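Here's a quick briefing to read with the structure open beside you. Have a look around first, then work through the notes below.

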Amino acid sequence: MSKRKLAAGNWKMNGLAAALSEIDALSQSLQNADREVVLCPPATLVQAMAAKTAGSPIEVGGQDCHAAASGAHTGDISAEMLADAGARYVIVGHSERRADHGETDDEVRAKTEAAWRAGLVAIVCIGETEAQYRAKETLQVIDTQLAGSLPDSVTGANTVIAYEPVWAIGTGLVPEMDEIGEVHGAIRQRLSDRFGADTAAAVRILYGGSVKPGNATEIFAVPDVDGALVGGASLKASDFGPIANALAGH
Ligand code: PEP
């Protein structure tokens with residue numbers, strides 16, 4: 001069975017209740033196609049967005065979760081809470097969490113396990129910094145992050161990988177298409193080495209970093225790109241709709 005391509009939007013710390021009106025516009029703009037569309041709003045909007053998208057092709061995800069199911073962790077949210085609020089996905093290890101909160105690969109692995117425990121699909125983010133890119137360390141960084149951030153029981157159903165060069169996030173910069181292809185191919189190979197060829201083929205590998213309506217078609221044509229994790233351009237249905245629709249032909 002071929003895997004379904006995925007367009008996932010990360011609203012980051014953006015969106016008050018009024019922003020939910022974008023859901024109506026997005027629903028209207030989505031063409032019927034065999035691909036998945038996920039929006040990850042701030043935690044305050046997960047439940048309302050899940051209620052609003054019920055019965056639509058749009059699914060909801062969280063942006064982070066704690067590794068524990070409950071407990072004395074003020075301000076944190078567990079994967080179980082996200083699932084209870086109607087989420088089906090959760091982003092873990094986003095570079096902004098790794099940078100702003102010092103999240104390590106070990107913590108990301110624990111969060112991935114927490115996501116699975118709650119029945120969520122983990123979108124595990126990896127990617128090199130600009131300095132690492134310039135030093136040509138990308139594949140080494142990817143190897144280390146994959147080895148450390150992924151638990152042993154990865155399947156195509158419980159895990160999505162998002163390759164997001166840190167220097168491409170929110171900057172308007174995008175790697176050359178052959179660079180994206182090289183990294184995605186390397187990720188697929190590492191998955192195959194560790195989890196076997198069938199699992200590697202089933203895991204979706206998203207590209208993230210300044211994906212826009214104007215470059216989505218070109219990026220989606222790159223081998224081993226199974227969709228996108230989109231930040232800024234996911235906030236407006238007029239941008240995210242065309243990106244999700246660009247997946248339809250791939
Ligand atoms: C992101 O933060 O995951 C992201 C890809 O952001 P942007 O699309 O704005 O570069």
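Ser234 sits in the loop that runs between β8 (227-230) and α11 (237-246). Keep in mind that this is a predicted model. From that loop we'll move on to a pocket and then to some aromatic rings.

**Ser234 and its surroundings**
- With a relative accessible area of 3%, Ser234 is buried, because the cut-off for that label is under 20%.
- Leaving aside residues up to four places away in sequence, Ser234 touches Gly9, Asn10, Trp11, Leu39 and Phe240.

**The largest pocket**
- The volume of the largest pocket comes to about 540 Å³.
- This pocket is lined by 21 residues, and the closest to its centre are Lys12, Gln63, Asp64, Arg97 and His101.
- Helix α4 (residues 95-100) supplies the largest share of that lining, with three residues.
- Sorted by class, the lining has eight nonpolar, seven polar and six charged residues.

**Aromatic pairs**
- There are two aromatic pairs in the structure.
- One of them joins Tyr133 and Trp167, a tilted pair at 4.4 Å centre to centre with 35 degrees between the planes.
- Tyr133 belongs to helix α6 (residues 130-134), while Trp167 is in the loop between β6 (159-163) and α8 (177-195), so the pair ties together parts that are 34 residues apart in sequence.
- How exposed is Tyr133? Its relative accessible area is 28%, so Tyr133 counts as partly exposed.
- Trp167, on the other hand, is buried, at 12% relative accessibility.

Terms used: Residues numbered from 1 in each chain as written. Predicted model: local features only at pLDDT ≥ 70, side-chain atom pairs only at ≥ 80, totals over all residues. Heavy atoms only, no water. 1 Å grid on protein atoms, 1.4 Å probe; cavity = no way out; pocket = protein on both sides within 12 Å on 5 of 7 lines; lining within 4 Å. Points joined across faces, edges and corners; volume = space filled by probe spheres on them. Helix = DSSP H or I, 4+ residues; strand = E, 2+ residues; numbered from the N terminus. Nonpolar A, V, L, I, M, F, W, Y, C, P; charged D, E, K, R; others polar. Buried < 20%, exposed > 50% of the residue type's maximum accessible area, 1.4 Å probe, protein only. Contact = heavy atoms within 4.5 Å. Phe/Tyr/Trp six-rings, centres within 6.5 Å; stacked < 30°, edge-to-face > 60°.
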